[in-house]
Amino acid sequence: MEKSSTGLPANVAGLLCYLLGWVSGLVFYLIEKQSDFVKYHATQSVIVFGTLTLASIALGVVPFIGGLLAPLLSLLAFALWIILMIKAFQHTRYKLPWAGDLAEKYARKDLI
């Protein structure tokens with residue numbers, strides 16, 4: 001099994017990229033120097049959960065409709081969180097539409 005520069009197996013590091021949403025994704029994006037797999041999942045985590053966080057904040061300032069849509073957004077975020085952690089642990093490069101394309105583009109930039 002491939003190792004990450006953190007010393008963890010790549011699938012475990014990939015799972016941890018999603019554990020705390022965009023925050024853990026950012027941490028792994030900054031510290032990973034070896035594994036393209038981990039860097040991809042870290043980048044996708046930052047993009048997906050960063051976007052969902054910003055959307056949640058935006059919905060919070062919209063009266064009535066924001067209150068109706070916020071629980072749906074939270075449910076979507078929870079489902080994605082579970083799916084992405086499982087896929088990373090299975091050592092699958094699960095590619096979400098839009099975010100996966102961006103993650104592929106930016107994940108390879110900083111690898112040494």
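Tryptophan 98 counts as exposed, at 51% relative accessibility (exposed means over 50% relative accessible area, buried under 20%, and partly exposed in between, with a 1.4 Å probe and protein chains only). This residue is found in the loop between α4 and α5, and has a positive phi of about 65° although it is not a glycine. Histidine 91 is found in the loop between α4 and α5 as well. Its phi is near 60°, again a positive value in a residue other than glycine, but histidine 91 is partly exposed, at 30% relative accessibility. The model is a predicted one, where local features need pLDDT of at least 70 and side-chain atom pairs count only at pLDDT 80 or more, while totals for chains, interfaces and linings use all residues. Residues are numbered from 1 along each chain as its sequence is written, and side-chain values use heavy atoms, leaving out hydrogens and water.

Next comes helix α5, residues 99–107, where Ala99, Gly100, Ala103 and Ala107 are buried (helices here are DSSP runs of H or I with at least four residues, numbered from the N terminus). Seen down the axis of α5, these buried residues fall within an arc of 95°, so they line one face of the helix (the arc is that of the directions from the helix axis to the C-beta atoms). An α-helix has 3.6 residues a turn, so residues three or four places apart point the same way. The buried residues of α5 pack against α3, residues 36–60.

As for α1 (residues 10–19) and α4 (residues 65–89), they pack at an angle of about 165° with their axes 7 Å apart (axes are lines fitted to C-alpha atoms, for helices over the stretch in contact, and angles run from 0 to 180 degrees between N-to-C directions). The two are therefore roughly antiparallel, a label for angles over 145 degrees.

Valine 23 has its place in α2, residues 22–31, and is partly exposed, with a relative accessible area of 39%.

Note on methods. Contact means heavy atoms within 4.5 Å. Angles under 35 degrees count as roughly parallel, over 145 as roughly antiparallel, 65 to 115 as roughly perpendicular and the rest as oblique.
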